[in-house]
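Work through the two exercises below with the sequence and the coordinates at hand, and try each task before reading its solution.

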Amino acid sequence: MKKVGLAIDYSDICRDYNTAYLDRDNLDPATKKCMKQVLTWSKTFLTELLEEFEVNLYNLSSTVAVKIDDVSSKRFLFYSLEKEITLQSFVMQKEFVQYDSLSAWEAESNETILVQNDEDGGCISFFFNENSPVSPWIKEKLKDFTLDEVPFEAIR
């Protein structure tokens, strides 16, 4: 089954700040304010998404459920000029299924949602099966956002 994705750019959350300059180590008040807005938004959005589709968050290869705060964190969401960013993926699914790689996740037809951060720390992406009920839900929930459709790449 083909996987499709939607990227949510932080500029839709922080409309009064150039999000290309977000650095999680920056103590500038405007940067901190924007990052706080993104963190608050992501926590609320992820909570609603998990509740709507009755799923939990997992690492690709760990049976322990991940807390929303692990995804809605500066380390996951934002780049650091000093430390860069670690590209990460989390899976939202009803029960844990181990995936040895992103390619293994892509090959599955299960109704799961993959959440990934961005190498530049400027957006968060959600991937799911084409024609999944997740897509219209996200589009309706974020109808005031400019959502970018992004192709899924199993090599990261």
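The exercises that follow concern a predicted model, and they treat its sheet and then its nonpolar cores.

**Exercise 1.** Determine the order of the strands in the sheet, find which strands stand at its edges, and describe how helices lie against it.

*Solution.* Begin with the pairing: 6 strands form an open sheet in the order E2-E3-E4-E5-E1-E6, and the pairing is antiparallel. Strand E2 (56–59) and strand E6 (148–151) each have a single partner strand, so one side of each is left without a neighbour in the sheet. Neighbouring strands are turned by 30° against each other on average, with direction ignored. Helix H5 (residues 134–141), by contrast, lies across E1, E4, E5 and E6 and runs at about 145° to E5.

**Exercise 2.** Identify the residues with the most contacts inside the largest nonpolar core, and trace the surroundings of Ile124.

*Solution.* The largest nonpolar core has 37 residues, and those with the most contacts inside it are Phe45, Leu49, Met92, Ile124, Phe126 and Ile138. Among the elements that give two or more residues to this core are E1, E3, H1 and H5, and the largest share, 9 residues, comes from H1. For Ile124, leave aside neighbours within four places in sequence; the contacts then include Leu6, Ile8, Trp41, Phe76 and Val115. Another core, of 9 residues, lies apart from the largest one and includes Leu60, Val91, Leu102 and Ala154.

Key:
Residues numbered from 1 in each chain as written. Predicted model: local features only at pLDDT ≥ 70, side-chain atom pairs only at ≥ 80, totals over all residues. Heavy atoms only, no water. Pairing = 2+ DSSP bridges. Helix = DSSP H or I, 4+ residues; strand = E, 2+ residues; numbered from the N terminus. Axes fitted to C-alpha atoms, helices over the stretch in contact; angles between N-to-C directions. Contact = heavy atoms within 4.5 Å. Core = buried A, V, L, I, M, F, W, Y, C linked by side-chain atoms within 4.5 Å. Buried < 20%, exposed > 50% of the residue type's maximum accessible area, 1.4 Å probe, protein only.
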